[in-house]
Amino acid sequence: MKVALAGNPNSGKTTLFNAITGRVEHVGNWAGVTVEKKEGNIKKSLVEGNADIIAVDLPGAYSLSPFTSEESITSEFVKKENPDVIINIVDATNLSRSLFFTTQLLELGIPVVIALNKSDLSKKKGITINVAALSEKLQCPVIETVSTVTRKNGLQDLISAAVSVKGKKQKAPFEGLEADLTDKKSVEAADKKRFELVKAIVAEVEDRKTSSNRQTRQDAVDRVLAHKWLGIPIFALVMWAVFSISQTYVGPFFADTFVGWIDTFNGWVEGLLGDRVSPVLKAILLDGIIGGVGAVVGFLPLIMVLFFLLALLEDCGYMARVAVVMDRFFKKVGLSGKSIIPMIIGTGCAIPGIMATRTIKNERQRRTTAMLTPFMPCGAKVPVIALFAGVFFNDSAWVGTLMYFVGIALIIIGALIVVRITGEKNKRSYFIMELPEYKFPSIKRALVEMFSRAKAFIVKAGTIILLCNAAVQIMQTFNWKFQVVAEGAENTSILATIASPFAILLIPLGFGVWQLAAASLTGFIAKENVVGTLAVVYSITNFIDTEEFALINGATDVAGVMGLTSAAALAYLMFNLFTPPCFAAIGAMNAEMEDKKWLWGAIAFQLFTGYTVAFVTYQAGTLITTGAFGSGFLPGLIAVTAMIGCVAYLMKKGEQKATAKSALKSA
Amino acid sequence: MENLVVAIVILAIVAVSVTKIVIEKKRGAKCIGCPVSKSSGGCCCCDHSANE
């Protein structure tokens, strides 16, 4: 038996799906989180008679007309795949909006059961719904549900009702609502009629105590948090607090203990190997595999705390307000208001962020968003940020906050450039986003999100990062004749000879050494590799607790070992954050852009951005701190000027294209 | 003998990692480990032109 979960965006479909299947799909307190259908088996404890029932979580839709990609998934699925039963999740706090879609579902002939979700919230708001009357009007079972609680949530009744209606023909309770989908006027007339019908049903079954005209406390909070000017400094303050807690206070507290365990394990393995094992094998196992992976995994507590806090912010409804604050800027630079959703999802991982761009209807806006989403620092970049903030900036929370805001600034500048290159600068889009109500965030949900991210991080560290670190260690140990490189002749290793040509290009950015170039190169496989490779090439196994730091090359701390100034360190951090993302994310960009010209253009643009930002940061920082420009200023300036020249040329061509287009239109 | 044992341990670790990557890739994961980056197996949403 197959049951489809369908409903409006942010009606709680994924929360209900997780509750009935026991899965932990990502949920968000805003519309548009689900962009693909997901399947899972309904828990046996909810099913009478142990039958196998598959639940399919569909993206939110306001209508069965395929206006956006997520709506087309929903309408295609319910129309073509013929589920046995449709569970229509209706937001009890917003009945009038939800029933429009319900009336369309009832016309499909597939049995429908309505889950009157968020019933607890509707009662708190003084809304009374006559469930029996609603069920009678719609001619289908209506069950009150609260999917966020484990007891008395109505889920068992819901599944029983779904099982009981299987095989029955759903009768459409209303007639005369059909429309000719090829005729806009016919669709509009039918929609109007449908709205009138919904209004009449709601008037009969709903008793709403609160007046919608009255200003609520939520409105008062929104006037501050979503204020067009105040909203940005508040967001900066919130992010600073998040980074302070995760990277300066709580995170390092746990990380110290955790890294201690990794060190103990490393020491135990070293003792086990003794002196009779070949130094090469010892180095691969201890420095490459355990040391490299351990250096990355050491940041796990910081990442867990960060994602816990971000999940709380999302769940309480604050991130939706950030979307509203940013929407104003995004629209001005030709992006869709919807672009903010992929970008916020991208703070977890760029790949689902890029995949979420498919909700954007306009092709140019969708491709631009897919191109710019990787500028938001993802979870993989957090260890790199934490490492550089800790080593060079005394664990300052402003480093992480700055990276987020530089990312946002680059997205806005990037969008401005792309819109001019494509010659579509006059096109504006409009985006209506329903603001979810503020609520006390679910600690359970935040913990689930945190452990889900932690598991992902450990799996990645134990697979890709482990293999990369082992390969880096081998390439550092041997030369091209496969002889072990002598001490002091590390420049002849395979790794050094591969990375050195790239290092030359990085001299104007302040980090033209092969070790740092190698770390950046492995970062394209997975960004966490930057930390892992640095650990391997500099033989540092512990970046968190360096109290017992071994003297390496005469240096007494990590910063000394790397030989970077603060300006160069910040430039290196920005270079790794704002150049192209990992190959997997580039693959996702390729899939969403569906155009090779756009893909290569995007990669070139990201390289240009990362290089330019790093160059400006290093040279300006060096000028401020020392009174003179840094090394390689002139060749760097020539390279950056040439790149800016290319972009300016493309923008001019785009302007001409736009002028020609508008002239043609007016003619 | 000790060298052989350590070499086998290293190869075993590498083999487990490679196997995990292959399994994840076969399951459609675009980013290994990431819980929300599974590819859209069989989804009908990829024809963007239909929505224009």
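Which residues touch the most other members of the largest nonpolar core? In this predicted model, they are Ile351(A), Phe388(A), Ala571(A) and Met589(A), in a core of 152 residues. A nonpolar core here is a set of buried Ala, Val, Leu, Ile, Met, Phe, Trp, Tyr and Cys residues joined through C-beta atoms within 7 Å, with buried taken as 20 or more other C-beta atoms within 10 Å of a residue's own, the C-beta atoms being placed from the backbone.

Next comes a pair of helices. The axes (lines fitted to C-alpha atoms over the stretch in contact) of helix 19 (residues 494-505) and helix 20 (residues 514-522), both of chain A, come within 8 Å and cross at roughly 90 degrees. That makes helix 19 of chain A roughly perpendicular to helix 20 of chain A, a label covering angles of 65 to 115 degrees.

As for confidence, the model scores ipTM 0.78 and pTM 0.78. Chain B averages a pLDDT (the predictor's confidence in each residue, from 0 to 100) of 72, and 65% of its residues score at least 70.

Residues are numbered from 1 along each chain as its sequence is written, while chains are lettered from A and ligands numbered from 1 in the order in which they are written. Because the model is predicted, local features need pLDDT of at least 70 and side-chain atom pairs count only at pLDDT 80 or more, whereas totals for chains, interfaces and linings use all residues.

Note on methods:
Buried ≥ 20, exposed ≤ 12 C-beta atoms within 10 Å, placed from the backbone. Axes fitted to C-alpha atoms, helices over the stretch in contact; angles between N-to-C directions. Helix = DSSP H or I, 4+ residues; strand = E, 2+ residues; numbered from the N terminus. Parallel < 35°, antiparallel > 145°, perpendicular 65-115°, else oblique.
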